[in-house]
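Subject: Structure handover

Hello,

Please find the structure below, with the sequence. My notes on what was found in it follow.

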Amino acid sequence: MPTAFHDRVSTELADIDSQGLTKPERVIASRQGPVIEVGGRKVLNFCANNYLGLAGDDRIVEAARAATARRGAGTASVRFICGTQDIHKELEAQVAAYLGFEDAILFAAAFDANGGLFEPLFGEADAIVSDSLNHASIIDGVRLCKAKRYRFATSDMDDLETQLKAARAAGARDIVIATDGAFSMDGYIAKLKDIRALADRYDALIMVDDCHATGFLGPQGRGSFAHHGVEIDFLTGTFGKALGGAMGGFICATSAVVQLLKQRARPYLFSNALAPAVCGASMEAIRIAQGAEGDALRGQLTANAQRYRAAMTEAGFDLLPGEHPIIPVMLGDAKLAQDLAARMLELGVYVIGFSFPVVPRGAARIRTQMSAAHTFDHIDQTVAAFKQAGKELGVI
Ligand SMILES: Cc1ncc(COP(=O)(O)O)c(C=O)c1O
């Protein structure tokens with residue numbers, strides 16, 4: 001065994017730890033929800049992507065169980081060999097109809113959807129103009145593609161225009177603007193109206209990753225583009241957050257684009273089909289999200305976010321501004337973020353400190369996230385715990 005390699009791994013781990021950047025796994029012994037069991041104790045949970053509160057919902061669990069009973073644990077195959085069941089076609093049709101696109105293609109994760117989108121559709125003659133704050137999976141997907149890359153400062157429309165001009169001046173065949181619909185670390189919603197206008201001016205396509213928007217932003221929770229009332233060309237999303245919280249990703253686009261992706265997208269061609277349980281759970285979540293109950297859940301989510309934001313601001317915490325249920329409590333120092341999260345857990349609230357490389361160095365934070373399943377009482381208890389812990393650690 002080459003010991004030099006193992007020594008290097010140990011040194012790197014120690015280095016990560018000494019900077020307060022270690023991300024431990026805390027084990028949860030319950031379903032996902034507003035109250036979870038950690039270390040034998042019930043605690044409030046304010047860091048799940050469980051925006052509509054459906055992750056532990058009995059109807060979703062039952063739909064997963066029923067789908068497993070009907071179609072088994074899984075396909076033991078990729079889609080094009082013998083891994084396409086009726087349930088996959090139903091979910092693709094349902095998600096496309098819900099979000100208003102011609103068709104959809106499923107992936108094992110949104111990470112794979114972003115990894116599989118660009119390379120089949122764009123080549124050396126094309127240009128991808130990407131927001132600098134885009135999710136890691138978009139960055140990786142762009143890296144896998146031979147198109148020329150341009151980056152614009154996050155949400156900076158002047159810079160976007162500069163990059164579009166540069167791409168056109170360089171003679172790009174097709175240009176695609178790639179952006180998160182809502183940025184996962186900050187909760188900022190992309191300026192899709194302005195992006196649409198620039199795309200029209202420079203004849204560019206638009207790709208949006210709506211993992212943190214599908215199900216709860218815009219009319220019927222159709223996402224950031226619906227929130228802004230604009231059309232886009234490619235939408236990537238996840239079933240692992242608001243839409244039931246299981247796992248699995250998708251791309252919505254025109255039928256022709258989806259057909260081409262089914263011939264060329266590597267994470268689709270070379271990875272197992274989604275488990276029936278995931279399909280069943282996701283279809284039930286979409287059914288709930290697009291109806292009247294979805295409206296009620298979205299109303300509750302907004303009310304929760306407003307109540308929490310107002311109380312935390314009044315208490316003196318530094319929050320990033322916005323209207324999204326991702327509400328980051330800014331701390332700067334990674335160790336402070338970890339210490340505050342640890343103290344919060346002692347006080348009965350589960351939150352997590354985020355530090356480099358998930359956020360920039362010096363911009364550590366506790367990313368709190370609201371859920372429609374939180375009650376006002378949960379919110380008030382959490383604010384009280386933040387006030388106590390914040391005072392103890394000199395944050396407020
Ligand atoms: C913006 C964004 N895109 C993609 C993903 C990946 O989603 P999935 O968990 O389905 O791979 C995430 C999840 O963290 C995300 O926040």
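Two strands count as paired if DSSP finds at least two bridges between them. By that rule, β1 and strand β2 (residues 41-45) are paired, in the antiparallel sense and over four bridges. One of the residues involved is Val38, whose bridge partner in β2 is Arg41. Before going further, please note that this is a predicted model.

The sheet

β1 and β2 belong to an open sheet of three strands, ordered β1-β2-β11, with mixed pairing. Which strands stand at the edges? They are β1 (35-38) and β11 (349-350); each has a single partner strand, so one side of each is left without a neighbour in the sheet.

Domains and their contact

The protein chain is divided into two domains: domain 1 covers 20-51 + 292-392, and domain 2 covers 58-289. On the domain 1 side 21 residues take part in the contact, and on the domain 2 side 24 residues do. The C-alpha centres of domain 1 and domain 2 are 27 Å apart.

Between them, domain 1 and domain 2 bury about 1,700 Å², and 54% of that area is on carbon and sulfur atoms. Which three residues supply more than any other three of the area that domain 1 buries against domain 2? They are Arg31, Arg298 and His324, with 32% of that area.

As for polar interactions, eleven residue pairs are in polar contact between domain 1 and domain 2, counting pairs with both residues at pLDDT 80 or more. On the side of domain 1 that touches domain 2, the elements giving two or more residues are α13 (292-315), β10 (326-332) and β13 (364-369). The largest share comes from α13, with five residues. By type, the residues on this side of domain 1 are eleven nonpolar, four polar and six charged.

Salt bridges

How many salt bridges does the rule find across the interface of domain 1 and domain 2? There are three.

- Arg59 and Glu293 form a salt bridge through their side chains, at 2.8 Å from N to O.
- Arg79 and Glu92 form a salt bridge through their side chains, at 2.9 Å from N to O. This pair links distant parts of the chain, with Arg79 in helix α3 (residues 79-83) and Glu92 in helix α4 (residues 86-99), 13 residues apart.

The count of salt bridges by this rule comes to 20.

Backbone points

Two loops have backbone features to look at in the viewer. In the loop between β12 (353-354) and β13 sits Pro357. The peptide bond that joins Phe356 and Pro357 is cis, with omega about 10°. The other loop runs between β5 (148-152) and α7 (157-169) and contains Ser155. Phi of Ser155 is near 60°, a positive value in a residue other than glycine.

Regards

How values were computed: Residues numbered from 1 in each chain as written. Predicted model: local features only at pLDDT ≥ 70, side-chain atom pairs only at ≥ 80, totals over all residues. Heavy atoms only, no water. Domains from an automatic or database assignment. Contact = heavy atoms within 4.5 Å. Buried area = accessible area lost by both parts, 1.4 Å probe. Salt bridge = Lys/Arg side-chain N within 4 Å of Asp/Glu carboxyl O. Polar contact = N/O pair within 3.5 Å; in protein donor to acceptor, adjacent residues only side chain to side chain. Nonpolar A, V, L, I, M, F, W, Y, C, P; charged D, E, K, R; others polar.
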